[in-house]
Each structure stands twice: as structure tokens, then as C-alpha cells.
Amino acid sequence: MTKYILIISLFIIILLFTRIEKSHEPTYFDFIKNKKNIPLIKVLIKEKVNELKVTIDQKFRILNKELIAIRDVKTGISNGIIGFDKDSRKLYIKVNNQKDSLKVSYCKMVIPERTILQIGKEKYLGSVIIYVNEKNKLNVVNELDLETYLLGVLPGETFSTFGIEAIKSQVVASRTYALSESLKRQNKLWHLRNTTRSQVYKGMVKVHPKFKKAIEETRGLVLQGDEGVLKAYFSSHCGGATASLDSLPWEKNAGTVMLSRKCPWCRKMKPKSFYWETRFSIKKIESALKRQGYAFKTLKFLAINKKDEFSRVLKLEVFCSDKKFIVDATHFRTTIMQATEKLRSRMFVMKKEGAYYSFKGRGWGHGVGMCQYGSQGLSKENWGFRQILGYYYLGAKISKLYE
Ligand SMILES: [Zn+2]
């Protein structure tokens, strides 16, 4: 009897261990196979910090700017500090209170494949570049292949509850956007930020199987516009119609690909705050304008000066006691008011109410290019990702850049 109990217990123990082992399998590493032809992307992951807490549990190598090895750290580091001396602007690594000056102000940490680099609480794959910036602070850049990068983009830019064709559309748009920025900024220290100012990138995070599938099944696919790889803009929900590319003050030409188009699908998806309201006091608007360098005495009133064919505000006219002038609506929303969370889009009407201006609007984001909730609406109507992309990026070709 005891013998049987022993055998059964042994069997249970073996079963238990196999299960534990399986659930710890680092499948993330196996997602992107054969990285040979994939372009590298440089993402700014930390800006203007004083020091970093770094953990790497494998050996790694530190290179200087000329890519010559300056350290081989055989044992890895646990909770090491990377900082710099303000006077000499030279980087150092401090482990267990032992400070080792690297004698450079720029270095690249090359981490072996399948090894995770941890900075604070965040985890990264690929290499990490650390340099002292002109403000005497540290900037940190994660350099990794474009496909692995996308695994860290999707959790911040789409939802696993979205249809697979909507997610695939997002992958192709995100891949294209990142690639176009990397080509435009190839001689810069970094290509993209990790926030909505470029596109959200969370480093190595848990990946939903749907995201993995969407990346694998669209591997290497990018959108090509009139002038090569498209700067594929996208935004959360357009409010009923997308905006034309040249409605963004820094884009000079409208081109033919990202023009204003009707989008009845995002509203049907009932995104959070599709309809929104906010208000600002006239005093607040006045001081915000003055802070941005507009010189005038007293703000009297605001008026909408120009709209696009779908009622998106393009220009505002500012009437003051001593002058009047025109401001761009994107500039007003993002730079002057610094209120992209409150003044969620340019699709609004406004009204003076005593000492306040109230704004009532629809949608969230600049509205140019693909409407993310709209793409979900279309996937529900059984559109494929090529059709969805074809609607928001009119006439753009989809080509496979690498196998
Ligand atoms: Zn839309």
C-alpha cells in the first residue's frame, strides 16, 4: 500500500514540476525568429534622468561610441547604478558601492540574445545606449529589431479585444510609422519616443497571443506612399471623419494618401469619451497664449476662423484689446493649452459662458490617417486588414520589405 502511495506521490510531483516548468517557458523569445534582415529601431526610453538602476543576469559587453569593447562584465550585475560625474561628464557603473568609471560620455550595452535587461521596473530586449545629453542628464535608448519592437508597441496602441484584422492594420501602420521615422532620423541618436508623441512602446511586456499572430502574419509588410515609406499617422477615434495630412501645421503637403474621409464606424464602437466637454477660463487661455510668446494686452474673445469640410477646426482667431491674430488649432490644443487630454480633438464647437469658454467635441487625437476604433468597426463588418488600410491610407501600396 505504502509503495502505491509513494509511486502516486512521485507521479504527482513529476506532473507538478512539468507544469511549473511549462508556465515559466520564455515564449517571448521565440516569437520573432530569424532577425537577419529586420531593420533596427532606436527608441528613447528615458530622458533627462540622473541615474539608472540596472540588472542583467548574464554576461554582457559595454562598447564606446566607436563600437570598441571597453568592458566585459562576466557575471552580469544586480541592482547596479549607472550614473555620471557632472564635472567630467563621464559615465560610471556602481555595483556594491564599487564605482568603476567608464571614461566615456556615451556607451552601448550589448546584451546576449534571450537575455533581459532591467532598468528600474521595466524590462527590455536588444541593446541599450546611454549618453550624457546637453542638459547634463542621462538619455537612454533601446535599440532592437523592428518586429520585437512591435511586441512592445501593441499593448499600448490597441486592445486584445479588437478583431484580428483591426490588430493587423495597427501592426502594419505602427511598423510603417516606425520605419519612416528611422529613415528620416537615421543620423540622430534616436528615432522614436516611447510615448504618444511617437507611438507608445512598453518594452518587454506580456504579449497576447492575438498580438503575436498579427505580427507574425504581417511580418515585413509596410505601406508605401508617393514618396516611399509612408509616415503612417493614426489616432484613437476620429470623431466621424479623418483629418487631412496638411491640417497638421508641421506637414506642408496634403499628398494623396491621408486625405479627409468619412468614418462612421468609430462612433458605433462606443469608445470611452467619444463625446466630450471641457472648459477653460479666459484668464487661463490668456496666460497660456502669453507664455507661448504672443504679445498683447487683454484677451477679449475667441472665434473659429477656419474649418475643414467635416467641421474640424483648423484655425482660431484671437481678438484682443489691442490686436487680433490667428492660431493653428493643433498648436492651440497641444502647445498653447497643453491640454490633449481635455481638449481631446479639433472636432469641436465652442461657446463663451461668462468668464469661460466651453468646448463640446467628438473623437480623440489629431485624426490624421487610420482611425483605430474605426478600424475595429470595419473588422466587425468583415473587412480584411488590406481593405481597412486601403480606406484610411488611400492608394498606398502594401509591400513586403523583408521575409
Ligand atoms: Zn473614426
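**Working chat on a predicted chain**

Colleague: Starting with Asn79, is it buried or exposed?
Modeller: Asn79 counts as exposed, because it has 11 C-beta neighbours inside 10 Å. The convention is that a residue is buried if 20 or more other C-beta atoms lie within 10 Å of its own, exposed if 12 or fewer, and partly exposed in between, with C-beta atoms placed from the backbone. Bear in mind that this is a predicted model, in which local features need pLDDT of at least 70 and side-chain atom pairs count only at pLDDT 80 or more, while totals for chains, interfaces and linings use all residues. Residues are numbered from 1 along each chain as its sequence is written.

Colleague: Which loop does Leu67 lie in?
Modeller: Leu67 sits in the loop between strand E3 (60-63) and strand E4 (69-73), and it too is a non-glycine residue with a positive phi, of about 65 degrees. Most residues other than glycine have a negative phi. Leu67 counts as exposed, since it has 8 C-beta neighbours inside 10 Å.

Colleague: Zooming out, what domains is the chain divided into?
Modeller: Domain 1 covers 36-144, domain 2 is made of 148-238 + 376-400, and domain 3 covers 275-362; these bounds come from an automatic or database domain assignment. The C-alpha centres of domain 1 and domain 3 lie 43 Å apart, and the C-alpha trace of the chain spans about 90 × 60 × 50 Å along its principal axes. The chain holds 10 helices and 24 strands, and buried residues make up 37% of its 403 residues.

Colleague: What does Tyr149 touch?
Modeller: Not counting residues up to four places away in sequence, Tyr149 touches Ile41, Val43, Leu144, Ala178 and Tyr201, where a contact is a pair of residues whose C-beta atoms, placed from the backbone, lie within 7 Å.

Colleague: OK, new topic: in what order do the 3 strands of the open sheet come?
Modeller: The order is E15-E14-E24, with antiparallel pairing, where two strands pair if DSSP finds at least two bridges between them. Strand E15 (228-229) and strand E24 (397-400) are the edge strands, each pairing on one side only. Strand E14 (residues 221-225) and E15 pair over 2 bridges, and the partner of Gln224 in E15 is Val229. H4 packs on the sheet, touching E14, E15 and E24, and its direction makes about 65 degrees with that of E14; axes are lines fitted to C-alpha atoms, for helices over the stretch in contact, and angles run from 0 to 180 degrees between N-to-C directions.

Colleague: How many residues lie between E6 and E7 in their hairpin?
Modeller: The hairpin has 2 residues between E6 and E7, and Asn96 in the turn has a positive phi of about 50 degrees. Strand E6 (residues 90-95) and strand E7 (residues 98-101) pair in the antiparallel sense over 4 bridges, and Tyr92 has Ser101 as its bridge partner in E7.

Colleague: Last one: which helix is Leu289 found in?
Modeller: Leu289 is found in helix H7, residues 282-291, and it is buried, with 21 other C-beta atoms within 10 Å. Leaving aside neighbours within four places in sequence, Leu289 is in contact with Tyr294, Leu299, Val318 and Ile336.

Terms used. Contact = placed C-beta atoms within 7 Å.
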